[in-house]
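Open the model in your viewer and keep the selection tool ready.

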Amino acid sequence: MAEVSRILQSGLLPPFSHNSPSHIITNNNQFTNSYKLYRSRNTTHNIISIRCSTTETTKPTKTMNIPWGCETDSLENASNLQKWLSESGLPDQKMDIQRVDVGERGLVALNNIRKGEKLLFVPPQLVITADSKWSNSEAGDVLKKYNVPDWPFIATYLISEASLMKSSRWSNYISALPRQPYSLLYWTRSELDRYLEASQIRERAIERINNVIGTYNDLRLRIFSKHPDLFPEEIFNIETFNWSFGILFSRLVRLPSMDGRVALVPWADMLNHSCEVETFLDYDKSSQGIVYTTDRAYLPGEQVFISYGRKSNGELLLSYGFVPREGTNPSDSVELSLSLKKSDKCYKEKVAALKKHGLSASERFPIQVTGWPLELMAFAYLVVSPPSMSRQFEEMAAAASNKTTSKKDIKYPEIDEAALQFILDSVESSISKYSKFLQASGEMDLDVTNPKQLNRRVFLKQLAVDLCTSERRILFRSQYILRRRLRDIKSGELKALNLFDGLRNLFK
């Protein structure tokens, strides 16, 4: 085992960024960025103003159940999709859609596949982007007139095409999409409060739900209500937008070689995620298709996997509705909430310093098994710093922000022990919440790879247990590192004190 000092140094991860790009599946941060852009955009028609507040809710409307899509394990619709894609220009594939152990259905190798081999080759005309042709061209022209960003634009496009059923050229693709995506968008508020109370992913889920509601409300008020013939409320409503955004959160990809454009890629989105692979989708200019390059070999009959990006178990649950087995995800992390104390004599000065750098009095920071980011340590320094260090408040707040361009590992030895103790107290408080939930839930070890075999309550509970178990594991590791580090500091102080006493006695 590494020395404790080395553990702590390696524990300080490089500066993290909430907006760091994912290799493949577009994450919630990119949706939020598009959402903020939409909120502030000034067009020649109206200033589009998104409101996330739950006080502005959708009015009750008579809506239909989602009539399109299929059960997640349907092979009939998937086979029709494969046939349509082949007839529409998709080259012969080395993979086939089959029922699988992980993911209910996925792509399985038909032949030997070499490591480093390019697969898929989905042509651009079979990819859905913001430039895709609308069956109802007038509706598309209206959205373009208002400069609606890609996320809500594609979400509306998907609903429009789905409502046309067989009349849409995308009918075979839409029929193969899940009728209810496994996403936290489909958890009720009471379910989030009950099962994810201990995890910070609950707050992320609520933020996402509110973002979708806010986006829909704004589209309805600013555009749909003015063009009811093009966007009838029985089709364009919060239920259908939950469905379309659920599809986007779980299937939209960012293509680096196409200037980072986002797209839905039929066939490719049948690939399931594995924490053991790092390959991702991109546009290949030589073949003029969407491809991915394998990073391992596959034998006939083996499921072929792709990476959805370096995401924590909580992020995977948030967008895709699954949690990898404990200890199998090297990118797993847990968010730790830290807050200034209102009783702090310098509370106002510290809050002002944080606000200057885009932070608030309460922030969340990711912790991994390998450690925590420099920003977390800087925030802890600020929390415990005494009034005599007021000149350093600005430096600490800047280092705690992930928006600054230059980073340095700031150190304040005189408050090291207090900062580490503050982090340890926060970690142990979180551990207590996780342990309370897990004890109340009882021991569960159910197979959630096939949710249809479980009722909804048991299924959600098992997902929550799996997530909380993996997140608590990370906190336990952090607790161990922090306790060892604090013990070393106190041991060093004791040695220094003994040495000082020895020297004093010598001079006597």
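The tour visits a hairpin and then some salt bridges.

This is a predicted model, in which local features need pLDDT of at least 70, side-chain atom pairs count only at pLDDT 80 or more, and totals for chains, interfaces and linings use all residues. Residues are numbered from 1 along each chain as its sequence is written, and side-chain values use heavy atoms, with hydrogens and water left out.

**Stop 1: the hairpin**

Select residues 95-100, strand β2, and residues 104-109, strand β3. The two run antiparallel, joined by 6 bridges. Strands here are DSSP runs of E, at least two residues; helices are runs of H or I, at least four; both are numbered from the N terminus. Strands pair if DSSP finds at least two bridges between them. Now pick Arg99: Arg105 in β3 stands opposite. Between the strands are 3 residues, and Gly103 has a positive phi near 105°.

**Stop 2: salt bridges**

The whole structure holds 19 salt bridges. Each is a side-chain nitrogen of Lys or Arg within 4 Å of a carboxyl oxygen of Asp or Glu.

Select Arg202 and Glu203: their salt bridge is 2.3 Å, N to O. Arg202 is buried at 16% relative accessible area. Buried means under 20%, exposed over 50%, and partly exposed in between (1.4 Å probe, protein chains only).

Next, select Glu394 and Lys356, whose closest N and O atoms are 3.4 Å apart in a salt bridge. Glu394 lies in helix α13 and Lys356 in helix α11, so the pair ties together parts 38 residues apart in sequence. Lys356 is exposed, at 60%.

**Last stop: a network**

Select Arg204, Glu207, Glu315, Glu335 and Arg364: salt bridges with shared partners join them into one network.
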